[in-house]
Amino acid sequence: ELTVNSKKLSEIFQKLRKRFLSNPTNDFISGLFDAEGSVDLRGTVTFWQRKNASGNEVIRSVAKWLTDNKIKFSEIRNAEFHILEVSGSYKNYNNLHRFLEYVKFAAENKVKDSELILDIYSRHKVVPESDILNFVSANNSVTVRDVIESFRIPKMVAYTKLNKLAKGNTI
């Protein structure tokens with residue numbers, strides 16, 4: 001009989017874990033990034049694992065999968081966590097696009113943000129400050145995210161333009 005705390009279930013789980021980590025499928029990696037990853041509007045997908053035996057095994061598997069699929073990533077130094085970053089920008093658009101062709105997020109916010117990032121970096125859109133000023137003036141409260149979503153521009157561009165308008169007392 002299988003129960004949640006049964007030794008048999010634990011053994012089955014460990015065998016499946018070992019099998020998937022040694023030869024991860026795209027769906028398995030997608031699940032890992034959904035559970036342990038984040039998508040930032042800078043265009044970065046980040047994956048975190050605690051530095052322990054289990055985390056070490058998972059991070060090696062994910063790094064190998066990224067390398068095998070020719071997806072560039074960075075390893076960020078941290079005392080407690082292994083951190084892998086897949087960056088997106090105009091320069092790294094193809095890399096992020098390739099990553100998102102393999103990794104299919106299920107979490108709604110990650111799907112939305114990754115689609116937004118791909119859309120932004122698929123074009124080189126220049127937005128005049130006057131357009132942003134008009135947008136801010138027409139709305140009571142505006143966040144950087146509002147500007148990113150409305151104008152489809154990178155986070156840093158939105159932040160810089162809003163900051164410049166604020167410092168010039170234009171908004």
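**Entry 1: Ser 61**

I looked up Ser 61 and found this residue in helix α3. Helices here are DSSP runs of H or I with at least four residues, strands are runs of E with at least two, and both are numbered from the N terminus. The model is predicted, so I noted that local features need pLDDT of at least 70 and side-chain atom pairs count only at pLDDT 80 or more, while totals for chains, interfaces and linings use all residues. Residues are numbered from 1 along each chain as its sequence is written, and side-chain values use heavy atoms, with hydrogens and water left out.

Is Ser 61 buried or exposed? Ser 61 is buried, because its relative accessible area is 6%. Buried means under 20% relative accessible area, exposed means over 50%, and partly exposed lies in between, with a 1.4 Å probe and protein chains only. Not counting residues up to four places away in sequence, Ser 61 touches Phe 20, Leu 21 and Pro 24; contact means heavy atoms within 4.5 Å.

**Entry 2: helix α3 against helix α2**

I then examined how α2 (residues 26-36) meets α3 (residues 53-68): their axes come within 11 Å and cross at roughly 125 degrees. Axes are lines fitted to C-alpha atoms, for helices over the stretch in contact, and angles run from 0 to 180 degrees between N-to-C directions. The angle therefore makes α2 oblique to α3. Angles under 35 degrees count as roughly parallel, over 145 as roughly antiparallel, 65 to 115 as roughly perpendicular, and the rest as oblique.

I recorded the crossing of α2 past α3 as left-handed, which is the term if the near helix is turned anticlockwise from the far one by less than a right angle; clockwise is right-handed. On the α2 side the contact is made by Asn 26, Ile 29, Leu 32 and Phe 33, and on the α3 side by Val 58, Val 62 and Trp 65.

**Entry 3: the sheet**

In what order do the strands of the open sheet stand? I read the order of its 4 strands as β1-β2-β4-β3, with antiparallel pairing. Two strands pair if DSSP finds at least two bridges between them. The edge strands, β1 (37-40) and β3 (74-76), each pair on one side only. Between β2 (residues 44-50) and β4 (residues 81-87) I found 7 bridges, and Arg 50 stands opposite Phe 81 in β4.

**Entry 4: Asn 95**

I located Asn 95 in helix α4 (residues 93-102). Asn 95 is buried, because its relative accessible area is 6%. A polar atom of its side chain lies 2.6 Å from the backbone nitrogen of Lys 72. Leaving out residues up to four places away in sequence, I listed the residues that Asn 95 touches as Lys 70, Ile 71, Lys 72, Val 86 and Ser 87.

**Entry 5: Lys 125 and helix α6**

I placed Lys 125 in the loop between α5 (108-121) and α6 (129-138). Lys 125 counts as partly exposed because its relative accessibility is 36%. Its side chain reaches the backbone oxygen of Phe 151 at 3.1 Å. Beyond its neighbours within four places in sequence, Lys 125 is in contact with Tyr 90, Phe 151, Arg 152 and Ile 153.

Finally, I checked α6 against helix α8 (residues 155-167): they pack at an angle of about 75 degrees, with axes 10 Å apart. The two helices are therefore roughly perpendicular to each other. Glu 129, Ile 132, Leu 133 and Val 136 in α6 meet Lys 161, Leu 162, Lys 164 and Leu 165 in α8.

Methods. A polar contact is a pair of N or O atoms within 3.5 Å; within protein, one must be able to donate a hydrogen and the other to accept it, and residues adjacent in sequence count only if both atoms are side-chain atoms.
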